[in-house]
Amino acid sequence: MRIFLLLALLPAYVIGCAQAVEPVNNPTGLHFSNVKPFAFTMSFSPVAADGYFVLKSDNPITFSPADGTTYQKGQGVGGGKVLSYGTDTIFNVREVLEGTQYYIAVFAFNGTGAPVNYKQS
């Protein structure tokens, strides 16, 4: 019985690990190039962070990522779609329609998994 209780408590300990420090800044210098009716290339200036969460939407983005939550490329979240979740600062964006206005949000983050912490503003 004691072994069972110790194993049952272990996940609570792992989930309760300390959260990473929030990055001081979000990336700046968002730049678009190679713009075509069906795709474009985007880049931004890196900051001191473990990675970047990039979201695209055809509506203004009011979503803020939840600390402790990881996201996947292609995942629908906050009324948009995750373009990138990792260390890339330049990438090609597809799945766009000519004549449509798009909104992009880039959030810096530190940590991985449960302790991930996003720059919220």
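## Strand β3 and its partners

Strand β3 and strand β5 (residues 80-86) run antiparallel and are joined by 5 bridges, where two strands are said to pair if DSSP finds at least two bridges between them. Within this pairing, L55 has V82 of β5 as its bridge partner. Strands (E, at least two residues) are DSSP runs, numbered from the N terminus.

## Basis of the model

This is a predicted model, in which local features need pLDDT of at least 70 and side-chain atom pairs count only at pLDDT 80 or more, while totals for chains, interfaces and linings use all residues. Residues are numbered from 1 along each chain as its sequence is written, and side-chain values use heavy atoms, with hydrogens and water left out.

## Burial of β3

Strand β3 (residues 51-57) is mostly covered, with 7 of its 7 residues buried; buried means under 20% relative accessible area, exposed over 50%, and partly exposed in between (1.4 Å probe, protein chains only). In a regular strand the side chains alternate between the two faces of the sheet. In β3 both faces are covered, with G51, F53, L55 and S57 buried on one side and Y52, V54 and K56 buried on the other.

N34, a residue other than glycine, has a positive phi near 50 degrees, and N34 lies in strand β1 (residues 28-36). E95 is not a glycine either, yet its phi is positive at about 60 degrees. This residue, E95, is found in the loop between β6 (90-93) and β7 (103-110), and E95 counts as exposed because its relative accessibility is 56%.

Terms used. Helices (H or I, at least four residues) and strands (E, at least two) are DSSP runs, numbered from the N terminus.
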